[in-house]
Amino acid sequence: MSTTTVKRKINVESQVKAYFSDAPIMQKIAYCESRNRQFDKKTGSVLRGVVNAKDVGVFQINERYHLSDSKKMGISIHTIDGNMEYARHLYESQGTQPWRHFLKVRLFVLCGGLCKKAGTF
């Protein structure tokens, strides 16, 4: 991993932590969805999902369902700032529901089962 890649990853992680300092669950979602990456380290392009290439960026926001609405709001989900801003919009309007499938599997593993016991999801 190059120094530039490491700096970019740390920068994205610190941006997510600052932006969602009031919502630690969103910090965990960003980590699990993308490992705090907005861009593909090989190509430099926006990070796309492995299972679904329509999922983009640090929060893996799906273009099929959200690109049109994000554009109407003047938000580009292909930038780190826009991806976080749209994730905030989703979180404030729907909670963690847009990431519900992911949460049940990955956060259980990430938290060692403690999240489920604590009622996080």
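An α-helix has 3.6 residues a turn, so residues three or four places apart point the same way. Helix α4 covers residues 80-94. At 1.5 Å a residue, its 15 residues should span 21 Å, and the end C-alpha atoms are 21 Å apart, which agrees. The expected span is 1.5 Å times one less than the number of residues. G95 follows α4 and has a positive phi, near 65°.

The model is predicted: local features need pLDDT of at least 70, side-chain atom pairs count only at pLDDT 80 or more, and totals for chains, interfaces and linings use all residues. Residues are numbered from 1 along each chain as its sequence is written, and side-chain values use heavy atoms, with hydrogens and water left out.

The chain has six helices and two strands. These are DSSP runs, numbered from the N terminus: H or I of at least four residues for helices, E of at least two for strands. Their order along the sequence is α-α-β-β-α-α-α-α. Of the 121 residues, 36% count as buried. The accessible surface (Shrake-Rupley method, 1.4 Å probe) comes to about 7,300 Å². Carbon and sulfur atoms hold 53% of that surface. Among contacts (heavy atoms within 4.5 Å) with a separation of 6 or more, 47% join residues 24 or more positions apart.

Y31 lies in helix α2, residues 24-34. The C-alpha atoms of Y31 and E13 are separated by 8.0 Å. These two residues are 18 residues apart along the chain.

Notes: Buried < 20%, exposed > 50% of the residue type's maximum accessible area, 1.4 Å probe, protein only.
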